[in-house]
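Open the model in your viewer and keep the selection tool ready. Each stop below tells you what to select and what you will find there.

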Amino acid sequence: ELKLILEQSELDNQQNQHIKWEGTDFPWTAELDNKLKSVFKLNELRSMQRQTMNATLAKEDCLLIMPTGGGKSLCFQLPAVISKGLTLVISPLVSLMEDQQMALELLKIPSAIFTSATSKEEAKHIQEDMVTTKGHLKLLYVTPEKLAKSKRFMNRLEKSYAVNHLTRIVIDEVHCCSQWGHDFRPDYKFLGILKRQFPNAPILGLTATATINVLEDVKKILNIPRALLFRASFNRPNLFYEVQEKPATQKDTMDKIFHLINKRFRGQSGIIYCFSRKDSEEVATDLKSRGIKAGCYHADMTAQSRSAVHRKWLSGDVQVVVATVAFGMGIDKPDVRFVIHHSISKSIENLYQESGRAGRDGQRSDCIVLYRLADVTRQSSMVFTEQTGLPNLYGIVQYCIDVAKCRRSLIARHFGEVWESAQCDKMCDHCDRAQCQVKVKDVTHYCKDLVSILDAAAATQQRVTSAKLLDAWYGRGPAGVKVKSIAAPSLAKDQAERILAQLLVEGYLREDFHFTAYSTICYIIPGPKAKLLRNGGVKVAIDFVQACDQSSKNTVKDGSAAPSSDTPHRVKHKNNSETSNVKVQKNKLNSK
Ligand code: ADP
Ligand code: MG
Ligand code: ZN
């Protein structure tokens, strides 16, 4: 309860800040608006940009939380242009700095990058520029390592500060300070001394990571307890979010994608994201053979052929770019009408960023994930070595297998925002089929059967993949892992898969990885919570969506898009004429 009250007061406080700082009557307002147009060639500011710039120009410490692509850089670049002196920008990656410097060069704004790779001569030049009020550099980018390791550089900063030339300190990707974040970097800890050494230089921290834990931690580490918090919404109201079942074969999958591009998105520009380079080549080749103007884009291609594809896509000669995640940086085509994920991405954050390349012009655009359990295994074999790889992956699996909740609310929850489904305005597949009734059914016996099969396999030292587990459950395939006493489930395959996925997400089952000479194999084993199923300490229930009103307004343009109508096998079986969702209820029956 206390936490709720605190959160509420934090929200109120934030609301007040947002209003207080959005004014257009500050001494610098005219110049700010002027330089926005004349230097940056932009017409208007986006949400929270003015607030943040006003606050930092008023020398307040602040933190800006804004989704990737939202426009955080402008919030320090424009103030740097209209302020006297130097803005120090701390950024974790040299590649990020180089991107920004290239953009600044085009805008004729003097900037420099100072890293351990900077030549002696260049370093000398930069360090001379820093300590004189006549210095011409507006922005100086450094890595946190440089600050932490170079006493000489810190000495120069002190001199710069002493002559009133160090105007502002910006910390990009500021969540890297916190061990709670997904990207902790030890050198960011050192940044705590900046406030002590340079108390009058305002600090501006930027991040797309919004959880309270991380933000509180960041304030503590940077010694800016009273920093103002500006939070831009992660909601993109013009994006329609949707998940469709991915067919079992490549042929059927391509039929589906072709149908989407040829009918629903006819003549419109889009991106298809694929799991691997090979996938992206196969999908592009297939689409081309069907007469779609498609181009492939991945990291194995030469820079030349990549930029050729990009260019043709911008000009409309290519309708669809079929790409890996390498297609990202610097993509701001305004009229991208659809982003299709041929396989699930590795986290909600990735999905948000990748699908967020659609609809930059504010027009309705569609973000479709093709989901299938087999792709989860492919992704998990890649990401399991990363610290938070599997939890992040299971986050998006949860998003995909849910059949009832507003997709937008699931994304918002991930970013620490609260959403009413009503605010979605029917802009996701679930909100769009409003008249569905959700029924919860007990499937504990099915879950126990799955654990029993795995226990039996373990007893005979057999390893079981998810495909093999499902086969054994249905009594198919070689005798090996089948258990006689277990009856085949009266469920359609997709429902069985959903149960399996949910048990993974909830920790009743676990993925277990083994290296072979050529690949990583992923087996399924009982998870940390399997004992709750064995000893009857838990009840597992499924959401069934039934009796959908299919007169949805938003999704169906070609008759194939409504998820409840395009999978005939669900309608065929009498018992299974429903879409299933799996949810594990944590109401323990007799846990001791
Ligand atoms: P972030 O750091 O938040 O991920 P960037 O600062 O890299 O985002 O900006 C993403 C893109 O948005 C850039 O191409 C930038 O030029 C553009 N942008 C930023 N602010 C505006 C604005 N007010 N109007 C139009 N485009 C903008
Ligand atoms: Mg950025
Ligand atoms: Zn919704």
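Start with D366. This residue is buried, because its relative accessible area is 2%, under the 20% cut-off. Bear in mind that you are looking at a predicted model. Show the secondary structure and you will find D366 in strand β13, which spans residues 365-371. C428 and D366 are 62 residues apart in sequence, but their C-alpha atoms are 9.2 Å apart in space.

**The zinc site**

C428 takes you to the next stop. Select the zinc ion (ligand 3). Which residues coordinate it? The donors are the SG atoms of C406, C424, C428 and C431, at 2.3 to 2.4 Å. Along the sequence these donor residues follow the spacing C-x17-C-x3-C-x2-C. C406 and C431 tie together distant parts of the chain, 25 residues apart. C406 sits in the loop between α16 (389-401) and α17 (407-414). C431 belongs to helix α18, residues 429-432.

Why is the arrangement around the zinc ion (ligand 3) called tetrahedral? The four donor atoms subtend angles of 102 to 119°, and the tetrahedral label requires all angles to lie between 85 and 135 degrees.

Stay here and colour by accessibility. Are C406 and C431 buried or exposed? C406 is buried, at 4% relative accessibility. C431 is buried too, with a relative accessible area of 14%.

**Ligand 1**

Select ligand 1 and display its surroundings. The shell holds 14 residues. The closest are E44, G69, K72, S73 and D332. By type, the shell divides into four nonpolar, six polar and four charged residues.

Next, draw the distances to its polar atoms:

- Q49: an N or O atom of the side chain is 3.0 Å from a nitrogen atom of ligand 1.
- G71: a backbone N or O atom lies 3.1 Å from an oxygen atom of ligand 1.
- K72: a polar side-chain atom lies 2.9 Å from an oxygen atom of ligand 1.

On its own, ligand 1 has 570 Å² of accessible area, and the protein covers 69% of that.

**Last stop: A530**

Select A530. This residue is in helix α22, residues 530-534. A530 is buried, with a relative accessible area of 0%.

Key:
Residues numbered from 1 in each chain as written. Chains lettered and ligands numbered in written order. Predicted model: local features only at pLDDT ≥ 70, side-chain atom pairs only at ≥ 80, totals over all residues. Heavy atoms only, no water. Donors = N, O, S within 2.8 Å, 3.2 Å for Na, K, Ca; no water. Tetrahedral: all angles 85-135°; square planar, octahedral: opposite > 155°, others 65-115°. Helix = DSSP H or I, 4+ residues; strand = E, 2+ residues; numbered from the N terminus. Buried < 20%, exposed > 50% of the residue type's maximum accessible area, 1.4 Å probe, protein only. Near = heavy atom within 4 Å. Polar contact = N/O pair within 3.5 Å; in protein donor to acceptor, adjacent residues only side chain to side chain. Areas by Shrake-Rupley, 256 points an atom, 1.4 Å probe, with all protein chains shown as cover. Nonpolar A, V, L, I, M, F, W, Y, C, P; charged D, E, K, R; others polar.
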